Structure formats: C-alpha cells, structure tokens
Amino acid sequence: MSRSHGSVGAFEEEAWAAASRTPLYYPDAVTLLPGADAAALVARIDNAVPGASVKDSFADLDLTEAGFRVLFDAQWVHRPAGPPTTASDLAWEVVDSADALRAWALAWDDGAGYAHLFRPELLDDPATFVIAGRSPDGRVVAGAVASRSDRVVGISNVFALDGGVDAAWPVVLEAVHRLFPALPLVGYEGDDDLVAAQRHGFEAVGPLRVWIGSGRA
C-alpha cells in the first residue's frame with residue numbers, strides 16, 4: 001500500500017520504517033522484535049507534523065516522551081488453513097482492473113471520503129489480492145485485502161455493507177481458501193471485530209498497539 005503511494009520503507013533488525021509519510025491508516029513504522037529501541041525507531045520516521053503512526057507489534061513500547069499517544073489496542077489473530085464454517089451466498093473475485101478497484105474502494109469506504117487511498121498501482125503487487133464479494137445483482141457488497149507471504153496470508157480491510165464483518169468473513173474465507181488452500185491466515189482485530197473473527201475460526205495470539213504522533217520533530 002505504501003509503495004503504491006510512493007513511500008518506500010526499509011527493514012532493519014528491530015523494525016520496518018518509512019522515512020516519508022505513509023498513506024492514512026497505514027503505519028510509518030512496524031516493530032519486528034520485542035524491546036525495540038523507541039528513540040531509534042522514531043528517528044527513522046517523519047514526525048514533523050501530526051499523524052505519524054507506529055504499529056507496536058508487541059505492545060511493549062512507551063512512545064509518550066516522543067510525543068505519541070495510544071490510538072488503539074488490538075489483538076493479533078491466527079486461523080489455520082481451511083474452508084469457512086459458514087457458507088456465503090455472495091460470489092467472489094480477485095479485483096484485476098482499475099475500474100473494479102474503484103468500485104471495491106467505494107464500497108469499502110461507504111461514503112467516508114477515503115476511496116482514493118486504493119490506487120491502481122496496488123494491483124501491480126503480485127503478493128496483494130483485493131477480494132470482492134458481489135451480490136446477485138453484481139454489486140460489490142463485501143471484501144478484504146489478502147497479502148500473501150511464503151508462510152501465511154495477512155487479511156485486512158474486511159468489510160460488508162450490510163451485516164458487519166460477520167457478513168464478510170464467509171465469502172472472504174472462501175476466496176482465500178480457494179486461492180491459498182495450504183496457508184494459515186493472520187491479521188489483527190479489536191473490540192467487536194475481534195469477537196466476530198473468533199466466531200469464524202480465528203484465535204487471539206497476542207497484543208499489539210498503535211501509536212499516533214503529535215508532530216514533535
């Protein structure tokens with residue numbers, strides 16, 4: 001997602017970080033090991049104006065002295081490979097064109113004004129799969145983004161226009177099972193979305209925290 005907006009990050013031992021600001025809702029840094037050096041991490045990102053964010057993957061940092069506050073807490077979730085436990089009456093597809101991505105983004109956004117975040121360049125990434133669930137009349141009414149690695153599939157941006165994420169998970173899980181039948185699923189959820197994910201076979205496996213900066217350089 002960041003690359004599609006021209007923001008390129010770099011991996012170091014303790015964290016991934018991008019020197020230029022990442023898109024809205026996407027972190028400027030992600031810790032990869034517990035006990036990361038907070039000062040060194042913040043120094044790698046652009047915190048000159050409010051809004052820089054850090055995904056504290058182990059919920060063990062204190063970034064308050066650097067001018068950050070906790071945006072939210074959540075849980076990492078894991079689901080073994082396998083089909084959904086609940087069938088869906090939606091058809092699914094992998095989005096493969098700019099027009100289809102726009103339709104998906106408008107449905108995901110549901111009028112909030114952020115559909116522009118999903119640019120056509122995102123479709124050039126061979127590890128990113130935008131999944132659309134379509135109603136019988138062809139409308140995009142549910143979906144998610146699946147990010148494949150060698151060992152797992154990361155799931156994010158789960159949505160449904162009606163019925164909440166409980167209505168989305170069956171079609172999303174069906175699509176991912178068909179695409180990657182041997183790979184487990186991972187992601188993170190909080191509050192009611194966490195409870196919904198657990199209803200569909202996910203297990204909470206550890207805490208994470210997202211911090212947002214006040215603009216202290």
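Strand 8 and strand 9 form a hairpin with four residues between them, strands here being DSSP runs of E with at least two residues, numbered from the N terminus. The two strands, residues 140-148 and residues 153-160, pair in the antiparallel sense over six bridges, where pairing requires that DSSP finds at least two bridges between the strands, and R148 stands opposite V153 of strand 9. The model is a predicted one, in which local features need pLDDT of at least 70 and side-chain atom pairs count only at pLDDT 80 or more, while totals for chains, interfaces and linings use all residues. Residues are numbered from 1 along each chain as its sequence is written, and side-chain values use heavy atoms, with hydrogens and water left out.

Strand 8 also pairs with strand 7 (residues 128-134), again in the antiparallel sense, over seven bridges, and F129 stands opposite A146 of strand 8. Five residues lie between the strands of this hairpin, in which G138 takes a positive phi near 95°. Because seven of its nine residues are buried, strand 8 is largely enclosed by the rest of the structure; buried means under 20% relative accessible area, exposed over 50%, and partly exposed in between (1.4 Å probe, protein chains only).

The structure holds seven salt bridges, each defined by a side-chain nitrogen of Lys or Arg within 4 Å of a carboxyl oxygen of Asp or Glu. One of them joins R134 and E93 at 2.9 Å, N to O, and this pair links distant parts of the chain, with R134 in strand 7 and E93 in strand 6 (residues 91-94), 41 residues apart. E93 is partly exposed at 28% relative accessibility. In another, between R139 and D137, the closest N and O atoms are 3.0 Å apart; R139 is partly exposed at 45%, whereas D137, at 55%, counts as exposed.
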